[in-house]
Amino acid sequence: MTKDESFRRSNLPRISDIGFGIEPPVPNPDPPLVGPTVALRPFRPDDFAAASIVDPDPASAVWVPPMPGDDGASVAEYYEACRRDGDLLHLVAADRSSDRYLGEVMLAIGEHRVGEVGCVIRPDERGHGTAVEALGLLADWALGPLGLPRLQVFVAVQNLGGLRLSERIGFRHEGVLRSYGEHDGRRFDAFVLSRLPTDPART
Ligand SMILES: CC(C)(COP(=O)(O)OP(=O)(O)OC[C@H]1O[C@@H](n2cnc3c(N)ncnc32)[C@H](O)[C@@H]1OP(=O)(O)O)[C@@H](O)C(=O)NCCC(=O)NCCS
């Protein structure tokens, strides 16, 4: 068991165990989610090398947790275990034509079936609309076929890219959470934004 698995399997009650989340597992989207240039699919062991470029990126390190394993097989198994447990759907955003790894999108499901989304794109693949397409596909599915009543996202106030991304896919500002996160020993504030099934999908 890796240190991440032992943390995840600690004695704390899980949201799905205490009946406030969704009935596990989180289903994989069926049919798979595909946009004009991006397709979403589960993480595969052979994504490990391409995904490894994300962790050392300073912009990603502030907000995206490091990969939960030391090799592709353990990372893929970790995400699959989270999905089975009803806690998290973690998908690769792949190039629709070549299947090349571009980044990742995440949907964590918490109390009262509230979903929290996140996204990271490889530094050398940014600036082409990939995040808007990939996270937009996941958000539309989570509020539509999956049936979640609310999605939310927390974005560090200095993260202009993350903020603009969230606004572009229909999230609305709700406020600023003071001293919400910590990086390199310094606390930072975060915007909280949300989208409901009745909100327009795009701005
Ligand atoms: C934020 C991130 C996912 C954006 O990925 P991307 O594929 O480059 O984003 P897109 O090309 O789809 O652009 C999304 C919007 O954000 C804007 N944007 C992207 N990076 C930006 C930046 N650094 N500063 C200001 N705006 C930015 C784009 O211009 C676009 O808005 P527009 O359509 O009005 O022009 C990427 O920079 C990243 O992985 N960052 C590190 C992890 C992170 O911060 N994740 C967000 C937490 S939710």
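Student: Before the loops, what counts as a helix or a strand here?
Tutor: Helices are DSSP runs of H or I with at least four residues, and strands are E runs of at least two, numbered from the N terminus. The model is a predicted one.

Student: OK. Where does L146 lie, then?
Tutor: L146 is in the loop between α5 and β5.

Student: Why does L146 count as partly exposed?
Tutor: L146 has 18 C-beta neighbours inside 10 Å. A residue needs 20 or more to be buried and 12 or fewer to be exposed, so L146 is partly exposed.

Student: How far apart are L146 and I22?
Tutor: In space, 10.0 Å from C-alpha to C-alpha; in sequence, 124 residues.

Student: Back to α5. What should its 14 residues span?
Tutor: At 1.5 Å a residue, helix α5 (residues 130–143) should span 20 Å. The end C-alpha atoms of α5 are 20 Å apart, which agrees.

Student: How many of the α5 residues are buried?
Tutor: Eleven of the 14, so α5 is mostly covered. Among the buried ones are T130, E133, G136 and L143.

Student: New topic, the ligand. Which residues come nearest?
Tutor: R126, A131, G161, G162 and R164, out of 24 residues around the ligand. The elements giving two or more residues to that shell are α3 (58–61), β4 (114–121), α5, β5 (150–156) and α6 (160–168).

Student: Which element gives the most?
Tutor: α6, with six residues.

Technical notes:
Residues numbered from 1 in each chain as written. Predicted model: local features only at pLDDT ≥ 70, side-chain atom pairs only at ≥ 80, totals over all residues. Expected span 1.5 Å × (residues − 1). Near = placed C-beta within 6 Å.
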